[in-house]
Structure formats: structure tokens, C-alpha cells
Amino acid sequence: MIDSSEMDWNSLGFGYIKTDLRYISFWKDGHWDGGSLTEDNKVHISEGSTAIHYGQTCFEGLKAYRTKDGEINLFRPDQNAERMQRSCRRLMMPTMPTEVFIDACKQVVKANEKYLPPYGTGGTLYLRPYMIGVGDNIGVKPAPEYLFSIFCVPVGPYFKGGLTPTNFLVSSYDRAAGNGTGAAKVGGNYGGSLLPGAEAHQRSFSDAIYLDPTTHTKIEEVGSANFFGITKDHRFITPASPSILPSITKYSLLYLAKERLGMEVSETDVYVDQLDQFAEAGACGTAAVISPIGGIQNGDDFHVFYSETEVGPWTKKLYDELVGIQYGDVEAPEGWIEKV
Ligand SMILES: Cc1ncc(COP(=O)(O)O)c(C=O)c1O
């Protein structure tokens, strides 16, 4: 266990650090037990668990932020709870009620408060809720029992650039099938993304960009983040597709762009050969926050948006609004901040 007084808050990356306590709850015979906090960071499960063989696993990711006056904010945890419920239904797993999910998040943050990076360091406490099918089983069918847990890790930026633009590579692999599990946050989507991600990294790109699985002409996802582009006349555009993970950050930006920055917004097709319409582009997500996209390599074509070194003005305005809300510096829309 790391002594948090020795943490270098300003140089945190996105790596596993064992924190003190995690929440764990078991589902059996049709109901969840009361849940509790444990020091044990190992899970001991049956060798027949469906999570091991058949990918019956889903997860979430959300963050706790330290505000200027020392309070702790969770950003839209109800949205993570609801998305996890949709992922669970897709994989025939039991759901965790929203109030239990949020209460468990708060318990984990409180129990590990010393790992929450101070205001001003750019760090956050990343919460990782997950659910897996466990118990003795061998056939392809839903598990007899389930484990739900939430652990936390202090993190810094996900893409090494932070607000400095980085470049991305269009992959020839599909992330998800057209009517598959792309809209659910399930383990299998990520197992399949490791190879395309590694290929992008080997070629010095930040991550892979996935096109739509049916026509391979439209942008779907930017690694583990959603894509957005800002047109030359300041419209905020983000792809619409049933195989994209509905990003909570993306829907927050759609709202903020329209209501706070007065931008026209739309979710529509984004053709990879029509990137000239955009003056700026970015990747958005809980981990990615808003990461400006410098350029996109698609085959032999390299398309640069605003700049490969500077964040564009509209991307910066959106970033300031979103991050300001998360850290409590900007007034949040009703219901977006849950105090711990
Ligand atoms: C594939 C994928 N797309 C998009 C996102 C961004 O979603 P959110 O903004 O809810 O974190 C994530 C991360 O959760 C992701 O894994």
C-alpha cells in the first residue's frame, strides 16, 4: 500500500495504485447482500465463472473531484448507474439500484479520501465500478451468482498530452458489431480493442479511431472516448450510431455547447472523408476529459484540424466549462454534482 503523503500529485498518470478500501457486494438467490468495504484487492471466484469464459462482465468509470473549498464532487453518478443498468440488462445480469450505486461510490471516496488529489493539481480519484458473473457453471448461460465492486485509483491525464493535441490512427478493425454490444460498457468490447490500440501506439499515435462496422465510412469512437468536431461556423457535431458507447461527457458537452456557449449542436453521421468541415476536433470521456485531436491518419491521408500543438478556442471554452463544473468553479446544471 502506498503512503499517500508520498504521492507526487502533479505527475500522476493513469495507472493502478492500490488504495485502502473497496466496496464489494454479492448477488445470490435473487437479491444483493448489504455490501461492505474490504481491504482485500483480490477476488476469489469459481473457475466456472461466466466472467472468465463468456465475457459476462461490465464496468463503469467516474471521478471524484476536490473543490477549491475542500469539498468533494461526484460528476453525474446517476448517469453511470443507469448506463451500468443498461449494460447489465444487455448481458442478462442483475442490476444495481441507482441509490445503492451512488451510496457505494460515496463510501469508497470517503474511505480513501487521503488519495483524492488536492484542488489545482489536475488529479482526480477515478472510481471503477464493475460487475462479474461468478459461481459454478460450465454452459453458455447467465451465471448463478454475481459480484459487484467499486475500487478507486488517483489519476492524472489519460492521454499524455492533456490539453496539448495528439494524433490518432483510423483502424481497419471494428470495435463493435452493428447490432452488437457497442453501446454497452462490457469487457468484450475492450478485449477486442487491445490489438488495434497497440498498433496505433506502435506507430506513435495516441489511440485507434474506429469507423462504423457496416460501411467503414463514418467515425464512431476515438479509443475509449467519443468524437466531436466543431465546424468552421462553430457548430458542435458528434457521431450518432447504435454501436457507440453513449458517453456521459459527450451528452454533457452537447448540453453545455448549446445552453452555455450558444452553439448549434447535432448528433449525426461524421464521414471520415469529410473532415474538412471541422475547424477543431476532440475526444471526450471521463478519462480523456476533452483531449484535442491534432490530426487523424486514415490510410495515406493525414488530416490536421486546428493545430498539432495548440488547443483550438472552442475546444478550450468547452473544456473550461466542463472542468469548471466538475471542480465546482462554475455553476453546475441542476442535478449534475453529487456532494460526497
Ligand atoms: C468506448 C468508450 N467510449 C466513450 C467513453 C466515454 O464515456 P464517458 O464520457 O461516459 O466516460 C468511454 C469511457 O467510458 C469508452 O470506454
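I began with my contact rule: two residues are in contact if their C-beta atoms, placed from the backbone, lie within 7 Å. I took helices (H or I, at least four residues) and strands (E, at least two) as DSSP runs, numbered from the N terminus.

**Entry 1: ground rules**

I noted that this is a predicted model, where local features need pLDDT of at least 70, side-chain atom pairs count only at pLDDT 80 or more, and totals for chains, interfaces and linings use all residues. I number residues from 1 along each chain as its sequence is written.

**Entry 2: helix 6**

I found Ile248, Thr249, Lys250, Ser252, Leu253, Leu256 and Ala257. What do the buried residues of helix 6 pack against? I listed helix 2, strand 12 and strand 13 (235-239), then strand 14 (264-268), strand 15 (278-285) and helix 7 (313-326).

I also checked the length, using an expected span of 1.5 Å times one less than the number of residues. The 12 residues of helix 6 should span 16 Å, and the end C-alpha atoms are 16 Å apart, so the two agree.

**Entry 3: around the ligand**

The residues around the ligand are Gly61, Glu221, Ser224, Ala225, Asn226, Leu245, Ser247, Ile248, Thr249, Lys250, Gly285 and Thr286. Which element gives the largest share of this shell? Helix 6 does, with 3 residues. Strand 12 (225-231) and helix 6 (248-259) each supply at least two residues of the shell.

For residue classes I counted Ala, Val, Leu, Ile, Met, Phe, Trp, Tyr, Cys and Pro as nonpolar, Asp, Glu, Lys and Arg as charged, and the others, Gly among them, as polar. The shell divides into 3 nonpolar, 7 polar and 2 charged residues.

**Entry 4: two domains**

I took domain 1 (4-155) and domain 2 (166-326) from the domain assignment of the protein; such bounds come from an automatic or database assignment. Their centres, taken over C-alpha atoms, are separated by 25 Å. I found 20 residues of domain 1 in contact with 12 residues of domain 2. On the side of domain 1 that touches domain 2, helix 2 contributes the largest share, 6 residues. I sorted the residues of that side into 7 nonpolar, 7 polar and 6 charged.

**Entry 5: helix 3**

I read off Phe101, Ala104, Cys105, Val108 and Val109 as buried in helix 3. They sit on the same side of helix 3 because they cover an arc of only 135° around the axis, taken from the directions from the helix axis to the C-beta atoms. Their cover includes strand 1 (22-28), strand 5, strand 6, helix 2, strand 7 (124-134) and strand 8 (145-155).

**Entry 6: two glycines**

I found Gly35 in the loop between strand 2 (31-32) and strand 3 (36-38). Gly35 has 17 C-beta neighbours inside 10 Å, so I marked it partly exposed. Not counting residues up to four places away in sequence, Gly35 touches Tyr23, Ile24, Ser25 and Ala104.

Is Gly229 buried or exposed? Gly229 is buried, because 22 other C-beta atoms lie within 10 Å. Gly229 belongs to strand 12. Leaving aside neighbours within four places in sequence, I saw Gly229 in contact with Ile237, Val270, Phe278 and Ala281.

Technical notes: Near = placed C-beta within 6 Å. Buried ≥ 20, exposed ≤ 12 C-beta atoms within 10 Å, placed from the backbone.
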